[in-house]
Amino acid sequence: MQRATNHNQIISFIWNVANKLRGPYRPPQYRRVMLPMIVLRRFDLVLAENKEKVLTEKERLEAKGVTGPALEKALSRIAATDRKQELFNTSGFTFEKLLGDAPNIAGNLIAYIQGFSPRARDIFDKFEFEAEISKLDEANRLFLIIKEFCSSEIDLSTHAISNLQMGYLFEELVRKFNEQANEEAGDHFTPREVINLMVQLLFTGEEGIYEKGIYRSVYDPTAGTGGMLSESEKFICGDGQTTGLNPDANIELFGQEYNPESYAICCSDLLIKDAPISNLIYGDTLGIKDAKNKNNGFVPNDGHPDKKFHYMLANPPFGVEWKPEEDFVKEEYKNLGFSGRFGAGLPRINDGSLLFLQHMISKMHQPPKVGGDGSKIGIVFNGSPLFTGDAGSGESNIRRWIIENDMLDAIVALPDQMFYNTGIYTYVWLVTNKKKEYRKGRIQLIDGIRHFKKMDKSLGNKRHEMSPDHIAEIVRLYAENDHDAESTVIIGGTPQPRICSKNFNNRDFGFLKMTVERPLRLNFQFSPDRINRLSEQRAFANLATSQKRKDAAKQREEVEAGKKLKARIKAVLEGLDAGILYHNRDKFLKALNAALKTADIKIAAPVKKAILAALSERDPEADICTETKGNPEPDSELRDTELVPLPSDIQLPLPLGYDNETDHDKLLDLVKDHCESYLQAEVLPHVPDAWIDHSKTKVGYEIPLTRQFYVYQPSRPLEVIAEEISQLEKEIVSMLSEVL
């Protein structure tokens, strides 16, 4: 029988093998067995030719006292002479030998895995494969699965499939198994077409990548199974079947991943390709204070603390709280500020996606204007980072910092139902510190929500996918960077031209949130109803309480005294003329103070405030209440805010600090007149007594992408709707008559 040596044949064969797991495993769980088995069989065949030489050399060197790293390097050189990365096995077992001792196959397989070189062994530890071995053995599937991988129908050796081809075959199998397990793996698996789009956008306009022998680093702080890293390398260098942008480029991949299975898959992919895996860190990128997980090489913080990268991509977890990282992140923010990663601010605890973007920005090379290479970032978010957070909030400040420093290059709105575990709309942000001259000071928004096709079969929440033509069209819009650029999209089943790209000035996304006050106007009266309300005031009610917690006698004494004072105050109020309605607070206070003085009653300020609150009502005809300096006192119930666009001639970045206090006076020097003009034009014609409390003015930034591409659709004429209703009624009557 002909051996399976091409992608489709091998995938079909492995899929048939996976189906033999049904029973002890559900289909979404197949990957727990199949992915480590594929890696194991590939390594087995890679090392088969020199297996005996390795065992002989191990015995010889150990006899001479050679151990540790020196022994490992020596064995690796013998195990596979055409490999750069360390890989060997000293167990004496092979797949064929495992089959020869069926009763002990589970224990022998574990011993076989323990005989691998440290980094390869670590991969199977992260897969937690020993637990699966026991489960397979108990279900009488272990011998069967290993036998299938030894079948003459499949050849995973280097003679049949090169390292690079095997790597991409493994990626394809990872994708298929993850799609099948979308409800479990979706949080760390990005659809391949989204990755393709991000990679193409990231390298569009990057002329330097074409230089012969150029070195470039690519980093993913949420590496997952490594799809973004491998696609970046493939796009630049090619994959043996397609030519990349520059096959002569030297691309070095870096990443960090906190999910052990995803980390194992990514390491497997790299090691299969004979690519370095030392740059992939197992750990939490944001950082965990006093982390308990110190096994398996877990790094509880940034695993590349001193590195800068040329290109960065990420699909961070969005809509996920960062409570586990809170203490570490807040401590870094407080102690390091902009010397750390999070100087611009912290988002709310229920979504840490903007923390990852700040982390990536901290990894940028210096921009070209100061002699550096600069960097470019592609990151996928949900809608929250576009607009969540009020002016002055952490999210708004992070947007402000990125935009005012001219780092936000473009945002692409993707179709909904693109991801396996969520149907929401998502957005690709492109952030860079090396904008082309014609893009400086501007931000491009691209509407790609209609650039998709329906899938023949849904995969979880994924019902839409982007074809290569859709990707090419979005990349074209980005590359041409035209304002009001059109694209043909499907609307109502028919192709129609629609504006899908717009350009804006950076300041267009900034605004001032100004507080508009109106004067407090109250009337006052010593009426019985209002006097009765006094009992509801906390300060007045607290007169009959005591702070003497340890002395019961004094406590009773203090309570009784308070009750008597309350009664005396009420008696004074009830003795005043209830028929007078005071429209001026000062005149009311004069009458109140005189009555209290006559009764020889002294009251604290909180009690007097309680009396004023109980005996007053808001009255638009009353005189304005003034402060001690004679200024109008604001009415908190009439307080309002106005969002005012930044002045069209203002220079960015603004002088205001990210604590919203530092240099606030400098901000007011720039915007005070602008705010007053807005008040005159938009507010005073409606409420002539309003004024701005400039001390409360804040700066905010948001990106209302959807609003920019909204196209008004007029409602259908009423007569058309009425005709449709009439027609439906006739159809219903007709169907009822058939039933009856």
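A salt bridge here is a side-chain nitrogen of Lys or Arg within 4 Å of a carboxyl oxygen of Asp or Glu. The model is predicted, so to speak of local features takes a pLDDT of at least 70, side-chain atom pairs count only at pLDDT 80 or more, and totals for chains, interfaces and linings use all residues. Residues are numbered from 1 along each chain as its sequence is written, and side-chain values use heavy atoms, with hydrogens and water left out.

Glu 62 pairs with Lys 58 in a salt bridge at 3.1 Å, N to O. The two sit four residues apart in helix H3, about one helical turn. Glu 62 is partly exposed at 38% relative accessible area (buried means under 20%, exposed over 50%, partly exposed in between, with a 1.4 Å probe and protein chains only). Lys 58, at 21%, is also partly exposed.

Helix H15 (residues 326-336) holds Glu 326 and Lys 330, again four residues apart, and their closest N and O atoms are 2.7 Å apart in a salt bridge. Glu 326 is buried at 13%, while Lys 330 is partly exposed at 40%.

Glu 637 and Arg 618 form a salt bridge too, at 3.4 Å between the closest N and O atoms. This one links distant parts of the chain, 19 residues apart: Arg 618 lies in strand E15 (616-618), Glu 637 in the loop between E15 and strand E16 (640-645).
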